[in-house]
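Please find below a note for a colleague who is opening this structure for the first time. The points are numbered so that each can be checked in turn.

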Amino acid sequence: METVLNITTKFVVVNEANIQALLSLITGLAREKYGQLLSSAQLDDYLSRFTPQQLTSDINNFSNQWLMVYADKEPAGYALITSAGKRPDVLTEKKVKRLAGFGVLQQYQHSNCAAVLMKKCLQAGQSYDALWMHEHAGNPLLPYFEENNFRQTGQQDELEALPLQGVYLIRRK
């Protein structure tokens with residue numbers, strides 16, 4: 001018998017519980033996504049940039065919107081909608097936002113968590129000309145992003161904080 005999860009998505013506000021949940025999600029997702037691709041030292045160096053103080057500042061920054069998806073009140077994934085990052089060349093004159101860090105923990109991959117989180121991200125980004133992403137070229141979610149009308153641009157760059165090749169994806173209005 002399949003268990004039905006109560007899945008909700010919320011914008012993150014600063015409080016100790018949310019900061020700890022976000023740190024746990026960032027760490028867990030990074031280890032799942034990059035653990036086989038990076039050395040322990042590289043992964044630890046990447047994760048060291050995420051501190052309670054830095055997250056508090058990022059959450060309070062008006063150009064960022066952090067979202068967390070919950071499965072039965074347990075944090076299952078997160079996404080960041082932001083103005084930060086080197087945008088693809090084709091978007092230089094457009095009103096756009098970046099969808100960054102989108103992910104759901106593997107234990108929830110067969111739930112509806114990713115779909116609920118994506119829906120909320122798309123709603124939050126609907127007033128922009130486009131949403132864009134810069135994702136690891138081997139990210140197993142690339143087909144999922146393409147199913148949600150994100151298209152690869154053909155432009156590639158190394159990821160900003162990781163020594164991995166990244167691809168740009170754009171979802172136009």
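Over the ring of which residue does the charged end of Lys-95 sit? The answer is in the second point, after a word on the source.

1. This is a predicted model, in which local features need pLDDT of at least 70 and side-chain atom pairs count only at pLDDT 80 or more, while totals for chains, interfaces and linings use all residues. Residues are numbered from 1 along each chain as its sequence is written, and side-chain values use heavy atoms, with hydrogens and water left out.

2. The charged end of Lys-95 sits over the ring of Tyr-128, 5.2 Å from its centre; a charge sits over a ring if NZ of Lys or CZ of Arg is within 6 Å of the ring centre and within 35 degrees of the ring normal. Lys-10 likewise lies over the face of Tyr-70, at 5.5 Å from the ring centre.

3. Aromatic pairs come next: rings of Phe, Tyr and Trp (its six-membered ring) pair if their centres lie within 6.5 Å, and planes under 30 degrees apart count as stacked, over 60 as edge-to-face and the rest as tilted. By this rule the count is eight aromatic pairs. The ring centres of Tyr-34 and Tyr-46 are 6.1 Å apart and the planes stand at 80°, so this pair is edge-to-face. The pair links distant parts of the chain, with Tyr-34 in helix α1 (residues 16-34) and Tyr-46 in helix α2 (residues 40-47), 12 residues apart; helices (H or I, at least four residues) and strands (E, at least two) are DSSP runs, numbered from the N terminus.

4. Tyr-46 also forms an edge-to-face aromatic pair with Phe-50, at 5.4 Å centre to centre and 75° between the planes. Tyr-46 is buried, with a relative accessible area of 14%, and Phe-50 is buried too, at 19%, where buried means under 20% relative accessible area, exposed over 50% and partly exposed in between (1.4 Å probe, protein chains only). Elsewhere, Phe-102, Tyr-144, Phe-145 and Phe-150 form one aromatic cluster.

5. The axes of α1 and α2 come within 11 Å and cross at roughly 150°, the axes being lines fitted to C-alpha atoms, for helices over the stretch in contact, with angles from 0 to 180 degrees between N-to-C directions. The two helices, α1 and α2, are therefore roughly antiparallel; angles under 35 degrees count as roughly parallel, over 145 as roughly antiparallel, 65 to 115 as roughly perpendicular and the rest as oblique. Residues making the contact include Ala-30 and Tyr-34 of α1 and Leu-43 and Tyr-46 of α2, contact meaning heavy atoms within 4.5 Å.

6. The axes of α1 and helix α3 (residues 52-60) come within 10 Å and cross at roughly 105°, so α1 and α3 are roughly perpendicular to each other. Among the residues in this contact are Leu-22 and Ile-26 of α1 and Leu-55 and Ile-59 of α3.

7. The loop between β2 (64-71) and β3 (74-82) holds Asp-72, and Lys-73 lies in the loop between β2 and β3 as well. Asp-72 has a positive phi of about 50° although it is not a glycine, and Lys-73, also not a glycine, has a positive phi of about 70°. At 39% relative accessibility Asp-72 counts as partly exposed, whereas Lys-73, at 73%, counts as exposed.
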